[in-house]
There are 2 protein chains.
Amino acid sequence: MATDAYLERGVASRKLEVAAAVSKLDPGLYPGAFCKILADLLGGRADHCGIMHNDGPGTKILVAYILWRKTLNLDFWRGPVRDGMVMNIDDLICVGALGPYFISLSINRNKHLISGDVIDVIIDETNAFCKFMTSLGIECHYAAGDTADVGDNTRTINIDYTFSTAMKRSEVIDASRITNPGWIVGFYSAGRAKWETETNSGVGANGLTSARHDLLNKTYKTAYKETYAPETRADLIYRGKYLLEDPLRMDRSWTVGQALSSPTRTYAPLVKEILRVIPREKIYAFIHCSGGGQTKIGNFGRKGLKYFKNDLFPPPAIFRELRLAGNLSLERACQTYNMGHRLEMVAADMETAEDSIKISKSMGIDAKIVGPVLQNTNPSVTNVYIQSGDEWASYDF
Amino acid sequence: MATDAYLERGVASRKLEVAAAVSKLDPGLYPGAFCKILADLLGGRADHCGIMHNDGPGTKILVAYILWRKTLNLDFWRGPVRDGMVMNIDDLICVGALGPYFISLSINRNKHLISGDVIDVIIDETNAFCKFMTSLGIECHYAAGDTADVGDNTRTINIDYTFSTAMKRSEVIDASRITNPGWIVGFYSAGRAKWETETNSGVGANGLTSARHDLLNKTYKTAYKETYAPETRADLIYRGKYLLEDPLRMDRSWTVGQALSSPTRTYAPLVKEILRVIPREKIYAFIHCSGGGQTKIGNFGRKGLKYFKNDLFPPPAIFRELRLAGNLSLERACQTYNMGHRLEMVAADMETAEDSIKISKSMGIDAKIVGPVLQNTNPSVTNVYIQSGDEWASYDF
């Protein structure tokens, strides 16, 4: 059954087990915000707050690994660095934390397979991307790093970034404020923003376990045994039709490798500009559609809302390909991938929504209202409803 | 050859490759300090500085993994949490940063092998250990966490902690100040400090790849294939004589499993007390003898010093066993393990050294002067000289 593949590969989109453990912890100052927020205990200012955050490229780094192995081109390692950092930055901007950021990089590698020059490029690109983000007005400081040789534990290489920052409490965007009426604006994940030098496939850095195994063919199963858990059910491992160098059928201007490894876009300059122009009280929330994809918003806002997304972007080619290859229902696809917009904003009124769309388009990112925030019929359950063409999916939270 | 085993297993004690990449980065405000220190960019205070740091239990977590698999006792997972946090805390105290700390936990797991209750215990113990450290006067705040299901990349489970803190610049202990004459005080790594409820084997959290494979026998090679890199030379994998439940020959009050999994001691309450009583200008440095063990100090202080450690503690039983099992030279053993003291202080004079020893003993941690800081004959090379009984080893930096 296609819908089981995701779980059978050992990935959970909703992380219910983890949520249970976390629910026992101090929820911080704004329990319903997109990131956990504490008092400014390091800076000691009563009107500020402090935030730490961590994330990484996940198994997307394995696409880079295979491309590097095949070509020996070290530049393939620059993508996962950007993926890992953007996965943090684009979470932090959702609460309005625009930096400066202190950044720490943790590298775990299997030294049998990953040579020192790889580490060198990862560190170099971390430094370069900090400078690039700083040049865009998002101040990034490479504060710490550790490289651990733990081949007994890491098959190839894993990188994780941790961010630390502080901000004024008055500027926090607290997603618990979402209520109806409201308008959900989607910011397109593919294409080319004005600060980007290459066109983005939109793939982001979530769902890459499914994406790799559904698209890539069985030659990788024997040639790159170090890129999957041997406990995975055999028929779910690299069961696709493609080589990385094959063109993507849905859009032959991409190879599969390019589409899968396209570095995650940061929306930070866009959010910074929106927050410069639009008063914060008109913005209920930004949601980074990362783990959980289009359904993530269901975790936020007051209980009893209905996020009625009835007008999504047509999915970029990579997602059409992924649905076909994985035989994915709309329901599963929208839980796994961003499907076309990786950032959404909930605006308190239509004018705010339209203003944000104008700003986004001026920066080279397509944007549109994907649907309204309504009242759900069951007031104790939040519902996410998604419509795409003739299909629909519905999720209760 | 015994001395090759360490490298053949894919572990580097001196990380020269990594040092090359890092050398291109901004070294921060105190380039010779034990941790990288930046301006207080998050707090904005000119007289403060900011620090981030990350580390984890490394492959010591695999000892816990095997003990849990065998017994189903979830409490074995509490050790690696403490190891991971103390590896950070005991680095940070070396620059005089005594908290408060913001702490972020990154968990990468193979969901095929690691169930949700394991994650629950790891998060619970992180919270509990934060509270315990806070009760000892070292304020710890669990600020963030992420659990990634990345079985394609992580054989079992990996955890990493990142700490963020700030401190007054006037209180920074800058190891670049080390000069001669000076006195190196070693603080014993085994036994039981007054804040500990159990006796510690002293093993710490470094060298555990070597330790596991040298002590444990070949039954683990077949039963726990998920706990080593398959690329490792076959004769170096679990080549020892022991089962985890066997008594340690050198001290039969320990089982091998207990000795290997004994949670890393924190010296933070000791350092806090030393810094309360002794003026900071009399203390050149604290060195956490982690990666690189007894030789780590060679990276610090002005060039041309000779760290003449001619009176180490007799090694605790676990290290005597590890030398025997791995057929390790003193040279290799002192690069791999702490060998008896995991923290050392360089005092500017004998009285300061003796005062710190008195404080340490009053807190239940044995301490002694392990040797003087001298001028090396070659003024551009730093030398670490170690003597233990009839043997000696020498390292140039």
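Which residue is the bridge partner of His53(A) in β5(A)? The close-up views below are taken from a predicted model, in which local features need pLDDT of at least 70 and side-chain atom pairs count only at pLDDT 80 or more, while totals for chains, interfaces and linings use all residues. Residues are numbered from 1 along each chain as its sequence is written, chains are lettered from A and ligands numbered from 1 in the order in which they are written, and side-chain values use heavy atoms, with hydrogens and water left out.

**View 1. The open sheet of chain A is built from five strands in the order β1-β2-β5-β3-β4, with mixed pairing.** Its edge strands, β1 (38-39) and β4 (140-149), each pair on one side only. Strands here are DSSP runs of E with at least two residues, and helices are runs of H or I with at least four, numbered from the N terminus; two strands pair if DSSP finds at least two bridges between them. Eight bridges hold β2 (residues 48-55) against β5 (residues 157-168) in the antiparallel sense, and within β5(A) it is Phe163(A) that partners His53(A).

**View 2. In chain B, His53(B) is found in strand β2 (residues 48-55).** With contact meaning heavy atoms within 4.5 Å, and residues up to four places away in sequence not counted, His53(B) touches residues of both chains, including Ser104(A), Ala144(A), Asp91(B) and Phe163(B). Its side chain makes a polar contact of 2.6 Å with the side chain of Asp91(B); such a contact is a pair of N or O atoms within 3.5 Å, where within protein one must be able to donate a hydrogen and the other to accept it, and residues adjacent in sequence count only if both atoms are side-chain atoms.

**View 3. Helix α5 of chain A covers residues 116-135.** Its 20 residues should span 28 Å at 1.5 Å a residue, and the end C-alpha atoms are 29 Å apart, which agrees; the expected span is 1.5 Å times one less than the number of residues. Among the buried residues of α5(A) are Val118(A), Ile122(A), Glu125(A) and Phe129(A). Arg78(A), which lies in helix α4 (residues 78-92), touches Val121(A), Asp124(A) and Glu125(A), residues up to four places away in sequence not being counted, and its side chain is joined to that of Glu125(A) by a polar contact of 2.8 Å. After α5(A) comes Gly137(A), whose phi is positive, near 95 degrees.

**View 4. The contact between the chains takes 78 residues from chain A and 78 residues from chain B.** Leu42(A), Asp152(A) and Asn153(A) supply 14% of the area that chain A buries against chain B, more than any other three residues. The area buried between the chains is about 6,400 Å², of which carbon and sulfur atoms give 53%; buried area is the accessible area (1.4 Å probe) that two parts lose on being put together, summed over both. Four salt bridges are counted between chain A and chain B, each a side-chain nitrogen of Lys or Arg within 4 Å of a carboxyl oxygen of Asp or Glu. Arg212(B) and Asp152(A) meet through their side chains in a salt bridge (2.6 Å, N to O).

Technical notes. Buried means under 20% relative accessible area, exposed over 50%, partly exposed in between (1.4 Å probe, protein chains only).
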